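Please consider the sequence and the model shown below.

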Amino acid sequence: MRRGRRIAVDVGDARIGVASCDPDGILATPVETVPGRDVPAALRRLAAIVEEYQPIEVVVGLPRSLNGTEGPAAAKARTFARSVAKVIAPVPVRLVDERMTTVTATRGLRASGVKAKKGRSVVDQAAAVIILQSALETERASGKPPGEGVEVVI
């Protein structure tokens, strides 16, 4: 397992959830929810978070359908990941499978008593935590970085 903090991003139309982990890659925690409608502003905020946290990589959730195919949401996540990679280079960006993370996050928050309306911004952060925790567990089990790397095209 590589040592170093990581940042995870859950890309949505309206909001972008952000999470980070400790330098030992043991525990993922929520950071904030970034407004997602203004993409240039969102990229600037993510760059500032990367500057502050100094991660070894950023993982972006790749929404696939249950059968593993990719639709419009995955295409949007890939495009966003490429944009993030340009802005934060040389910090690497990786795409990781995020199937069911928002559903899992919503259920978990509901079970802990968070109301749906009040919890919208928290759901995105919780989904980012689940994405990051999954990526950490994958790396711990395989010994390799999770998901697929995003190439920076300048």
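Which residue of β2 stands opposite alanine 8? That position is taken by alanine 19. The model is predicted, and local features need pLDDT of at least 70, side-chain atom pairs count only at pLDDT 80 or more, while totals for chains, interfaces and linings use all residues. Residues are numbered from 1 along each chain as its sequence is written, and side-chain values use heavy atoms, with hydrogens and water left out.

Strands (E, at least two residues) and helices (H or I, at least four) are DSSP runs, numbered from the N terminus. Strand β1 (residues 6-11) pairs with β2 in the antiparallel sense over 5 bridges; pairing requires that DSSP finds at least two bridges between two strands. The two strands form a hairpin with 3 residues between them.

Strand β3 (residues 28-35) pairs with β2 in the antiparallel sense over 7 bridges. Here the hairpin has 6 residues between its strands, and glycine 25 in the turn has a positive phi of about 65°. Because 6 of the 7 residues of β2 (residues 15-21) are buried, this strand is largely enclosed by the rest of the structure. Buried means under 20% relative accessible area, exposed over 50%, and partly exposed in between (1.4 Å probe, protein chains only).

The largest share of the lining of the largest cavity, 3 residues, comes from α1. β1, α1 (39-53) and α2 (72-88) each supply at least two lining residues.
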